[in-house]
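The model is a predicted one.

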Amino acid sequence: MTTPAATHSKRRWISSLKRILRLLVHSNLFISLATMSVLVTTVLLADLPLEPLPVFIVFAATLFVYTINRFTDLEEDETNVPERAAFTRRYGWVLLVLGVGLYIAAIVVAITLGLEGAIYLLLPLVVALLYSVGGVKQLFLVKNLVVGFAWGAIPLGAGYYYSQLWTLEILVITAYVTAMITIAAVIFDIKDIKGDREEGIATVPNRLGPAATRYYSQVANVVVAVAVVALVVATPLSTSFYSLLAMNAYVACYIPFATPERGPLYYGFVVDGEHVFLAAVIVTLEWLVW
């Protein structure tokens, strides 16, 4: 039998855990971990060595881009995610200074080391301007595709860094990440229906409704999974690429529960955690095989 003291202790533990998770989500530290996870997945599946510089670059660029977006989306967040808006108003400037500082540091390090293609480190700035200031998010489906291609640039950038840009492995991971993040971005818009309507932003959930959005997203998820299987069967890709299906299964599980009523932890932790989950699966499989 559970005692009142034990119940109280459990509630305090859960409350503390939620506060920590909210901090990670609202501060963009978790989303930065997610993009780093994409890099880890790419390196392991493409059988490349994991080096600290690309990891740092990905972390810095993500923190920079998403922190900028928090400020440009502040009014919209007041309606959609008031807790995040309050966090941004209180602590956003600290994260902005940190994000800008790390991003500049990444560029300086790349130039100092003579990293070929250092000019491409300006792409996160271009993406931030297009998405947050350039009005891209006002265009139906375009903003989702911009997010998808931006994340797809991570494995593509890894391929460039390791001089493996046009290998089948890099191209397949790039296409996979782009497709899956585009699906996630569409699902993410379900929580923003009210604020997006007020801001005049056309999204799939606004046009089709949450139920149809979940249905078509699930169909797209299945299509991507079938494409992965077909590619492994029909090309020289390693069977290790079947591990990508773990994320398709993960996505298939969270899509049915994506509703406007779900809180920021569901979208910011569960949905955005898909690539953290995939990287954990691949790292575990690599460890077991090793």
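## Helix α11 and residue S217

S217 is situated in helix α11. With a relative accessible area of 5%, S217 falls under the 20% limit and therefore counts as buried. Apart from neighbours within four places in sequence, S217 is in contact with I183, V186, I187 and I255.

Helix α11 covers residues 210-234, which amounts to 25 residues. From its first C-alpha to its last, α11 reaches 36 Å, close to the 36 Å expected at 1.5 Å a residue. The buried residues in α11 are T213, R214, S217, N221, V224, A225, V228 and V232. An α-helix has 3.6 residues a turn, so residues three or four places apart point the same way. The partners against which the buried residues of α11 pack are α8, α10 (204-208) and α12 (245-254).

## Packing of α8 with α14

Two packed helices are described by the angle between their axes and the distance between the axes. For α8 and helix α14 (residues 274-289), the angle is about 140° and the axes are 11 Å apart. An angle over 145 degrees would count as roughly antiparallel, and one from 65 to 115 as roughly perpendicular; α8 and α14 are therefore oblique to each other.

On the α8 side, the contact is made by Y176, V177, M180, I181 and A184, which meet E274, H275 and L278 in α14. By residue class, this contact of α8 with α14 comprises 6 nonpolar, 1 polar and 1 charged.

## Surroundings of E274

E274 belongs to helix α14. Its relative accessible area is 2%, so E274 is buried. Not counting residues up to four places away in sequence, E274 touches M180, I181, A184, M247, Y250, V251 and Y254. Among these, M180, I181 and A184 are α8 residues of the helix contact described above.

E274 and L74 are separated by 200 residues in sequence, and their C-alpha atoms lie 25 Å apart in space.

## Salt bridges

Side chains of opposite charge can pair when their charged atoms come close. With a cut-off of 4 Å between a side-chain nitrogen of Lys or Arg and a carboxyl oxygen of Asp or Glu, the count is 4 salt bridges. One of them joins the side chains of E83 and R22, at 3.3 Å from N to O. This pair links distant parts of the chain, with E83 in helix α5 (residues 82-112) and R22 in helix α1 (residues 4-26), 61 residues apart. E83 has a relative accessible area of 41% and is partly exposed; R22, at 28%, is also partly exposed.

Another salt bridge is formed by the side chains of K143 and D189, with an N to O distance of 3.0 Å. K143 lies in helix α7 (residues 142-161) and D189 in the loop between α8 (168-188) and α9 (193-198), so this pair ties together parts that are 46 residues apart in sequence. Both K143 and D189 are buried. A salt bridge is also present between D192 and K191, whose closest N and O atoms are 2.7 Å apart. D192 is buried, with a relative accessible area of 8%, and K191 likewise counts as buried at 10% relative accessibility.

## Position and contacts of T79

T79 is part of helix α4 (residues 74-80). Its relative accessible area of 30% makes T79 partly exposed. Leaving aside neighbours within four places in sequence, the contacts of T79 are K194, G195 and E198.

T79 and I187 are 108 residues apart along the chain, and 18 Å separates their C-alpha atoms. I187 is also one of the residues in contact with S217.

## Positive phi angles in loops

Which phi value does D47 have? The angle is near 60°, a positive value in a residue other than glycine. D47 is placed in the loop between α2 (29-45) and α3 (52-72). At 70% relative accessibility, D47 counts as exposed.

S163 has a positive phi of about 55°, although S163 is not a glycine. This residue is found in the loop between α7 and α8. S163 has a relative accessible area of 65%, which is over the 50% limit, and S163 is therefore exposed.

Terms used: Residues are numbered from 1 along each chain as its sequence is written. This is a predicted model: local features need pLDDT of at least 70, side-chain atom pairs count only at pLDDT 80 or more; totals for chains, interfaces and linings use all residues. Side-chain values use heavy atoms; hydrogens and water are left out. Helices (H or I, at least four residues) and strands (E, at least two) are DSSP runs, numbered from the N terminus. Buried means under 20% relative accessible area, exposed over 50%, partly exposed in between (1.4 Å probe, protein chains only). Axes are lines fitted to C-alpha atoms, for helices over the stretch in contact, and angles run from 0 to 180 degrees between N-to-C directions. Angles under 35 degrees count as roughly parallel, over 145 as roughly antiparallel, 65 to 115 as roughly perpendicular and the rest as oblique. Contact means heavy atoms within 4.5 Å. Ala, Val, Leu, Ile, Met, Phe, Trp, Tyr, Cys and Pro count as nonpolar, Asp, Glu, Lys and Arg as charged, and the others, Gly among them, as polar. The expected span of a helix is 1.5 Å times one less than its number of residues.
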